[in-house]
Amino acid sequence: MIEINMQETQLPLKAEARNLSFFYGSFQALKNVNMPIYEKRVTSLIGPSGCGKSTYLRCFNRMHDLYPGNRYEGAIDFHPDHTDLLSPKVDPIEVRMRISMVFQKPNPFPKSIYENVAYGLRVRGESARSVIDDKVEAALRSAALWGEVKDRLNEQGANLSGGQQQRLCIARALATDPELMLFDEPTSALDPIATASIEELITELKEKVTILIVTHNMQQAARISDYTAYMYIGEMVEFGETDQVFIKPNKKETEDYITGRFG
Amino acid sequence: MNQQELQALRTMIVAHKRWDMMFGLLGILALMIALMTFTALFADMAINGLGRISWEFLTSFPSRRAANAGILSAWVGSVLVMLVTAVAAVPLGVAAGVYLEEYARKNWVTDIIEINVSNLAGVPSIIYGLLALGLFVYTFGLGQSILTAGLTLALLILPVVIVATREAIRSIPQIIREGAYACGATTWQVVSDHIVPYSSAGILTGVIIGMARAIGETAPIITVGALTFIAFLPPAPFTGEPPAGVFDWLFAPFTVMPIQMFNWTSRPEAAFLANAAAAGFILVLMTLAMNGLAIWLRYRLRKNINW
Ligand SMILES: Nc1ncnc2c1ncn2[C@@H]1O[C@H](COP(=O)(O)OP(=O)(O)OP(=O)(O)O)[C@@H](O)[C@H]1O
Ligand SMILES: [Mg+2]
């Protein structure tokens with residue numbers, strides 16, 4: 001079992017993974033993961049390549065349901081209504097309506113900037129132009145992109161730079177007021193300046209929304225997250241407040257990874 | 001590396017590059033054979049037929065006298081049959097392709113369907129003619145009509161449309177799909193908002209290439225009972241026998257370009273052979289125009305999509 005030592009244990013939970021295991025066919029990629037996710041905090045997942053960070057993240061929006069042969073065990077208890085995100089009785093569409101995702105590679109649709117941001121609203125059946133206009137603007141502002149694109153909303157999203165595209169994808173994920181946002185290495189395809197702007201953005205976003213982020217970059221985890229989880233070959237080795245995990249980790253493996261002796 | 005080694009290296013590179021050139025030449029030769037053959041045929045047809053091409057030729061019905069004969073009923077027939085073909089083949093083919101790519105589970109049943117679709121593309125066209133004669137003419141009682149011919153050719157090009165649809169869909173990156181699903185879209189929303197629009201260029205190209213093949217088909221059209229001599233046009237909407245409707249032309253007898261050509265080539269008089277060459281020239285132009293349209297559409301629709 002993992003040890004969770006915390007000063008702020010009274011913080012409200014947004015979600016909690018309980019004995020979560022995941023299988024790609026017969027290959028077990030996650031083993032009995034237990035982990036809390038605190039509301040309006042940034043939680044980062046670190047660990048060597050192939051340890052199951054993406055796999056874990058993609059359980060939260062049931063992305064694995066898109067492919068045959070995948071199987072979940074255990075539960076993710078989602079607060080405040082205590083819906084088990086992994087239950088076969090819960091529709092993955094419902095889950096994805098509440099939890100949005102930003103991918104590693106910016107993936108704007110080959111549509112206009114406006115339509116990219118509006119897509120989540122359209123999917124929800126929103127058709128009032130004024131409502132969509134307002135929400136698109138608000139999302140683009142929150143994603144710190146409004147100033148750069150307000151005069152070219154009808155241009156193709158793909159015409160933007162890589163960093164702008166990623167912020168466009170963040171705006172798309174924000175437009176529908178998600179309760180939890182998942183980020184899978186959102187800056188790994190970006191240069192340092194674009195990376196810094198996305199990091200700043202994430203820090204601002206946590207005022208409104210809970211964030212779970214996978215990152216390969218340990219400085220990034222240290223800079224932006226309140227909690228950090230270290231994973232290794234499908235297991236949650238250590239979870240704690242970021243400062244604690246980076247300054248005095250409980251586990252030898254965590255320390256080795258963080259200090260670069262391994263990984 | 002000393003001078004001697006450098007020299008040896010350069011000699012080796014030159015020797016290797018000789019193969020590049022040899023293959024390049026071979027390729028050009030192969031290309032020439034294909035292109036020259038077509039150009040020669042086309043030029044021959046043009047020489048024989050160009051003298052016959054005139055406004056009258058396009059606007060006259062066939063006639064017993066070669067000099068008065070034209071291709072009005074043939075090209076109108078071809079155009080209408082193609083219209084029916086497109087209207088029938090596009091929704092069916094696209095739906096089948098979308099189903100196979102986006103909905104069907106990948107198991108042995110879909111494997112068998114997949115193999116069969118590829119096989120259908122190789123079935124001789126006369127077989128489709130026989131099938132259509134039994135199914136559309138006798139069983140459904142659609143008659144020896146434009147509708148029957150259009151549906152027959154639709155069956156013929158269906159595999160092409162399905163394969164083109166699937167290929168176009170497969171070129172859409174998975175991350176785009178995942179992005180759409182992550183927004184909470186259902187499969188139907190992903191298909192109608194993303195998959196079909198983004199693959200429309202590829203689908204249209206496939207459809208037009210299929211149609212360019214179908215417009216020259218003769219055997220299945222003869223089998224379902226096209227006429228070889230016809231001196232009237234299908235009724236325009238509301239002009240047929242009472243009670244006249246919009247779609248009376250669907251049930252009209254008809255002929256098409258290749259049949260008109262075939263009919264003229266079987267006549268002994270040289271003047272009819274010139275007519276056949278002229279009709280062939282126009283048929284080739286129609287085909288080239290369709291392929292041109294395919295290229296243009298592909299360019300237009302793909303302009304905003306680059307992955
Ligand atoms: N579709 C799949 N089918 C089978 N095994 C998979 C699949 N996707 C991932 N895996 C395996 O699951 C394990 C975890 O993969 P995952 O992508 O979650 O790692 P990760 O921690 O995100 O790595 P990275 O940092 O390189 O992105 C790996 O061993 C991987 O090979
Ligand atoms: Mg990953």
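Biologist: What makes β4(A) and β5(A) a pair of strands, and in which sense do they run?

Modeller: In this predicted model, two bridges link β4(A) and β5(A), in the antiparallel sense. The rule asks for at least two bridges, so β4(A) and β5(A) count as paired. One of these bridges sets F78(A) against T83(A) in β5(A).

Biologist: How many residues lie between β4(A) and β5(A) in their hairpin, and which residue of the turn has a positive phi?

Modeller: Four residues separate the strands, and H82(A) in the turn has a positive phi of about 55°. The loop between β4 and β5 of chain A also holds P80(A). The peptide bond from H79(A) to P80(A) is cis, with omega near 0°. Most residues other than glycine have a negative phi, and most peptide bonds are trans, which is why such values deserve mention.

Biologist: What makes β1(A) and β2(A) partners, and how many bridges do they share?

Modeller: Eight bridges join β1(A) and β2(A), and the sense is antiparallel. Y24(A) faces F27(A) of β2(A) across the pair. The hairpin of β1(A) and β2(A) has two residues between its strands, and G25(A) takes a positive phi near 60° there.

Biologist: What is the strand order of the open sheet of four strands, and why are β2 and β5 of chain A called its edges?

Modeller: The order is β2-β1-β4-β5 (chain A), with antiparallel pairing. β2 (27-38) and β5 (83-84) of chain A each have a single partner strand, so one side of each is left without a neighbour in the sheet.

Biologist: What makes the pairing of the six-stranded sheet mixed, and in which order do its strands lie?

Modeller: The order of this open sheet is β6-β7-β8-β3-β9-β10 (chain A), and its pairing is mixed. The edge strands are β6 (99-102) and β10 (235-241) of chain A, each pairing on one side only. From one strand to the next the twist averages 20°. A parallel pair is formed by β3 (residues 42-46) and β8 (residues 210-214) of chain A, with four bridges; T43(A) has L212(A) as its partner in β8(A). Helix α6 (residues 162-174) of chain A packs on the sheet and touches β6 and β7 (180-184) of chain A. The direction of the helix makes about 175° with that of β6(A).

Biologist: What makes the meeting of E178(B) and R58(A) a salt bridge?

Modeller: The side chains of E178(B) and R58(A) lie 2.8 Å apart, N to O. The cut-off is 4 Å between such atoms, so the pair qualifies. The rule finds one salt bridge across the interface of chain A and chain B. Nine residue pairs are in polar contact there. From the chain A side, α2 (92-98), β6 and α3 (113-123) each supply at least two residues that touch chain B.

Biologist: How many residues are in contact across this interface, and how much area do the chains bury?

Modeller: 26 residues of chain A contact 22 residues of chain B. The two chains bury about 1,900 Å² between them, with 61% of it on carbon and sulfur atoms. In chain A, F109(A), P110(A) and Y119(A) lose the most area to chain B, together 27% of what that side buries.

Biologist: What confidence does the predictor assign to the complex and to chain B?

Modeller: The complex receives an ipTM of 0.92 and a pTM of 0.86. Chain B averages a pLDDT of 90, and 100% of the residues score at least 70.

Conventions: Residues are numbered from 1 along each chain as its sequence is written. Chains are lettered from A and ligands numbered from 1 in the order in which they are written. This is a predicted model: local features need pLDDT of at least 70, side-chain atom pairs count only at pLDDT 80 or more; totals for chains, interfaces and linings use all residues. Side-chain values use heavy atoms; hydrogens and water are left out. pLDDT is the predictor's confidence in each residue, from 0 to 100. Axes are lines fitted to C-alpha atoms, for helices over the stretch in contact, and angles run from 0 to 180 degrees between N-to-C directions. Contact means heavy atoms within 4.5 Å. Buried area is the accessible area (1.4 Å probe) that two parts lose on being put together, summed over both. A polar contact is a pair of N or O atoms within 3.5 Å; within protein, one must be able to donate a hydrogen and the other to accept it, and residues adjacent in sequence count only if both atoms are side-chain atoms.
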